[in-house]
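Hi,

Here is the structure I promised to pass on. Have a look at it first, then read my notes below with the model open beside you.

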Amino acid sequence: MPTATLNRLMGKILRENSTIAHAYDTPPGCEPLRHEVARRLMDVGCSVTPDEILTTNGTSESVYLALKAVTQPGDTVAIESPLSYGLLEALEALHLNALELPTHPRNGISLPHLQAALEKRQIVACFLISNFSNPLGTCMGDAKKKQIVELLTHYNIPLVEDDIYGDLYFEGTRPKAFKAFDREGLVLYCSSHSKTLSPGLRVGWCVAGRYQDQVETLKWVVNQTTAIVPQLTIAAFLANGGYDRHLRQLRRAYQAQMTRMTQAICEHFPSDTKVTRPNGGHLLWVEMPPEFDSLQLYKEALEYYISVVPGSIFSPSGSYRNCFRLNTGLPWSEVINQAMRTLGYLIKRQLAMKVLDSPVTPPPSVFQ
Ligand SMILES: Cc1ncc(COP(=O)(O)O)c(C=O)c1O
């Protein structure tokens, strides 16, 4: 992350206006940031004005406010499955039920399942990660994104979209957002610079379409404002032209790290291991045979100071116990190589020690 440049910009902003850090902002947030975000959203296929953008304290807050604006406690929201546990916690905090849609790492959510849920009037909203999802790394193509938006529009169902990883594509051009295909203001677009510039500055935004007033009111009620200095710092970074160069370096680094970690999986893990091959982001999803217990691996790995995320916390129904998520976001090093070797050893040892009293019913696999 370009920490030194961000610190320098922040210092300059404070020096030039020494009281600015201590003032309240009001929704929709700082204009220079909204201006820069609107400009960047052109690359995502969205033509919006700064007035249509609300700045927030990160994608988490955007998603929380967006979901709250379109649901009531007790409602059901369709989600891709598996889904990032942080987002599941948001659903839980809002007392929402999740309808898990089967999701393929390459092709994305199952349209027949979404269609069936819509026909049965089972859901009031849908939540999807647009690009390089957490944890599967899924990035649906434009045609499918358009199809999903049209299908939801037909049933007048809002889509809360989280595009936090979209700038981290490895090849080609920036993948589009669902919002790019939204003609009715039904898509609530949420994102931030947590994965590209600084998670600590907590700078995010929400383009809520026809729900903009509700989302802005909720923002005001929840915490009134987003801190001004972080907003101006990010705006200055986006404006000075360094962002594209920084992104090119970051994407190259993430791609190399992901390739290296995938090689280590091939080297050290059992031969029947399945692993995703995302075209962006920094997450890998690993699937082991049905009898494997990733919670046990999680506990054993922690003793070696290795962190994996067990699969079942990515599902409200507790599926994916035989899966886990790896983060490839750190620069490759001998320490990580050794950690992968250790993980391979722990996995093989667990599988070898499994005494199968009864045949295991295979859980659903995202790779089918
Ligand atoms: C899909 C997804 N959305 C949101 C977040 C949180 O974003 P922020 O730090 O901007 O609140 C994360 C963080 O890991 C994430 O993976």
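**Salt bridges**

Let's start with a charged pair: Arg34 and Asp51 form a salt bridge, and their closest N and O atoms are 4.0 Å apart. Arg34 sits in helix H2 (residues 31-41) and Asp51 in the loop between H2 and strand E1 (54-56), so the pair ties together parts that are 17 residues apart in sequence. Before you go further, keep in mind that this is a predicted model.

Are the two partners buried or exposed? Arg34 counts as buried, because its relative accessibility is 7% and the cut-off for buried is under 20%. Asp51 has a relative accessible area of 57%, so it is exposed. As a reminder, side chains of opposite charge can pair when their charged atoms come close.

How many salt bridges are there? The count comes to 13. Another of them links Arg174 and Asp167, at 2.6 Å from N to O. Arg174 is buried at 12% relative accessibility, and Asp167 is buried at 18%. Salt bridges that share partners join Asp163, Asp167 and Arg174 into one network. Then there is Lys179, which forms a salt bridge with Asp182, with 3.1 Å between the closest N and O atoms. Both Lys179 and Asp182 are buried.

**Strand E2 and its neighbours**

Next, find strand E2, residues 76-81. Five of its six residues are buried, so E2 is largely enclosed by the rest of the structure. Which strands does E2 pair with? One is strand E3 (residues 97-104), in the parallel sense and over six bridges. In that pairing, Ile79 stands opposite Glu100 in E3. Another is strand E5 (residues 125-129), also in the parallel sense, over three bridges. There, Ala78 stands opposite Cys126 in E5.

Follow the chain from E2 through helix H4 (residues 85-93) to E3 and you trace a right-handed β-α-β unit.

While you are in E3, click on Thr103, which is found in that strand. Thr103 is buried, with a relative accessible area of 6%. What does the Thr103 side chain reach? It comes to 3.1 Å from the backbone nitrogen of Ser81, and to 2.8 Å from the backbone oxygen of Leu101.

**The ligand**

There is a ligand with 13 residues around it, and those that come nearest are Ser60, Asp162, Tyr165, Ser192 and Ser194. A polar side-chain atom of Ser60 is 2.4 Å from an oxygen atom of the ligand. Lys195 has an N or O atom in its side chain that lies 2.8 Å from a ligand oxygen atom. For Arg202, the distance from a side-chain N or O atom to an oxygen atom of the ligand is 2.8 Å. Taken alone, the ligand exposes 400 Å², and the protein buries 85% of that.

**An antiparallel sheet**

Now move along to an open sheet of four strands, in the order E9-E10-E12-E11, with antiparallel pairing. Strands E9 (274-275) and E11 (309-310) stand at the edges with a single partner strand each, so one side of each has no neighbour in the sheet. Strand E10 (residues 283-287) and strand E12 (residues 323-327) pair in the antiparallel sense over five bridges. Look for Val286, which stands opposite Phe324 in E12.

Most residues other than glycine have a negative phi, and most peptide bonds are trans. With that in mind, here are some spots to check.

- Pro27 and Pro28 are joined by a cis peptide bond, with omega about 10°. Pro28 lies in the loop between helix H1 (3-16) and H2.
- Asn134 to Pro135 is a cis peptide bond too, with omega near 15°. Pro135 is in the loop between E5 and helix H6 (142-154).
- Arg121 is not a glycine, yet its phi is positive, near 55°. Arg121 sits in the loop between helix H5 (111-119) and E5, and it is exposed, with a relative accessible area of 62%.
- Tyr305 has a positive phi of about 60°, although it is not a glycine. Tyr305 lies in the loop between helix H10 (294-302) and E11, and at 79% relative accessibility it counts as exposed.

Happy exploring!

Definitions and conventions:
Residues are numbered from 1 along each chain as its sequence is written. This is a predicted model: local features need pLDDT of at least 70, side-chain atom pairs count only at pLDDT 80 or more; totals for chains, interfaces and linings use all residues. Side-chain values use heavy atoms; hydrogens and water are left out. Buried means under 20% relative accessible area, exposed over 50%, partly exposed in between (1.4 Å probe, protein chains only). Helices (H or I, at least four residues) and strands (E, at least two) are DSSP runs, numbered from the N terminus. Two strands pair if DSSP finds at least two bridges between them. A crossover is right-handed if, with the strands pointing away from the viewer, the path from the first strand over the helix to the second runs clockwise. A residue is near a molecule or strand if one of its heavy atoms lies within 4 Å of it. A polar contact is a pair of N or O atoms within 3.5 Å; within protein, one must be able to donate a hydrogen and the other to accept it, and residues adjacent in sequence count only if both atoms are side-chain atoms. Accessible areas come from the Shrake-Rupley method with a 1.4 Å probe; for residues, only the protein chains shown count as cover. A salt bridge is a side-chain nitrogen of Lys or Arg within 4 Å of a carboxyl oxygen of Asp or Glu.
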